[in-house]
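Have the coordinates open as you read.

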Amino acid sequence: MSHSATKVRRTVAVLALTVAAAALAGCGASASPSTGAAPNADRAAAAEGVSPDVNLEQCGKESRTVKHDLGTTTITGSPTKVVALEYSFVDALVAVGMSPVGVADDDQPERIIPALRDKVGEYKSVGLRATPNIQVITALKPDLIVADSGRHKAIYAQLSKIAPTIAYASLNGNYQQVLDSEMSTAIALNKCDQMKTRLSEHAKLMADLKAQAPADESRKALFVRASDKGFTGFPPKAYTPGVLAVVGIRSPLPDESGDASVSLTLETLVATKPDVMFIAPNDGPTLRDTWVKSPLWKEIPAVKNNATFDVNPNEWSRSRGLIASEVVAQEAVKLLYGK
């Protein structure tokens, strides 16, 4: 719990130094990591925003041992046929100029957000993210698989027999874990310099967006998913609130429980007193349709202030990637400040 909050604070602090980081990144990217000549300090500067436990010392080696949530995996050469079992891993590939040969897209290709779609190109669907099709993955003959360490833990051994497999938290990952997993994926892909450059660009963009918030901004913004049966809020340590925090938009939910999400009743929503609500609704009727008829709904500060905004669940919730986080941050700033 406090560890996640520390990570968010660390990320904010890092982004505050983004100009220096960008300058160092330019230098670091020009070094030749394959020679091993660039000192680790230079490599760390070239990947600002990434946690110290990401093993950057493997960058540029012909055979790289990549640390991930389910162990370590050795990858030789530069993989070209990659299967991504979550949208955030598609994001990681696009960030370094690559496309997957297979994606677990829930058989709904439209869930790949516009910021990625044109750059992904053609790929083979390998089925549902929760239960990808092993036979289809095998037939693609990948040389790397990127999996979710929670969802795919039970099939990790099977996946590893098909191709070298690395696994990171995506479904329940936070913003810091996204940055770390994208850099680690780049190490596996032998694309360290490209990702370092992209992370530097990301840090600069996020810092520029944060600068657009008023210095006295004190409103708290709640991100929720609305379905026909529930209204789910996400505490500060979750992915989307973490993205919003980096650009200066804080959550009203407490972070003591350690839960990845919180099921809200109308009464608890009123008690939470969000000044702003970003609502990502499922298709069709949602619980909100019932709640808006209640006098309690009108007691919520966000409703009183006309500060409730519907947002796209694919962009704000499902994608959870480096590029996706920029889409979220840019839209939030535009909605709140008109910029």
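## The sheet

Two bridges join strand E4 (residues 102–103) to E5, and the two run parallel. Val 103 stands opposite Ser 125 in E5. Here strands (E, at least two residues) and helices (H or I, at least four) are DSSP runs numbered from the N terminus, and two strands pair if DSSP finds at least two bridges between them.

Both strands belong to an open sheet of five with parallel pairing, in the order E5-E4-E3-E6-E7. Strand E5 (124–125) and strand E7 (165–168) are at the edges with a single partner strand each, so one side of each has no neighbour in the sheet.

A word on the basis: this is a predicted model, in which local features need pLDDT of at least 70 and side-chain atom pairs count only at pLDDT 80 or more, while totals for chains, interfaces and linings use all residues. Residues are numbered from 1 along each chain as its sequence is written, and side-chain values use heavy atoms, with hydrogens and water left out.

## Helices on the sheet

Helix H4 (residues 87–95) lies across strand E3 (82–84), E4, strand E6 (144–148) and E7, at about 140° to E3. Helix H8 (residues 175–189) also packs on the sheet, touching E3, E6 and E7, and its direction makes about 170° with that of E7. Contact means heavy atoms within 4.5 Å; axes are lines fitted to C-alpha atoms, for helices over the stretch in contact, with angles from 0 to 180 degrees between N-to-C directions.

## Cores and a buried helix

Which residues touch the most other members of the largest nonpolar core? They are Met 183 and Phe 278, in a core of 67 residues. A core is a set of buried Ala, Val, Leu, Ile, Met, Phe, Trp, Tyr and Cys residues joined through side-chain atoms within 4.5 Å, and buried means under 20% relative accessible area (1.4 Å probe, protein chains only). Helix H15 (residues 322–337) gives the most to this core, with 10 residues. A second, separate core of 15 residues includes Trp 297 and Ile 300.

Eight of the eight residues of helix H10 (residues 239–246) are buried, so the rest of the structure largely encloses this helix. Gly 248, with a positive phi near 90°, follows H10.

Terms used. Buried < 20%, exposed > 50% of the residue type's maximum accessible area, 1.4 Å probe, protein only.
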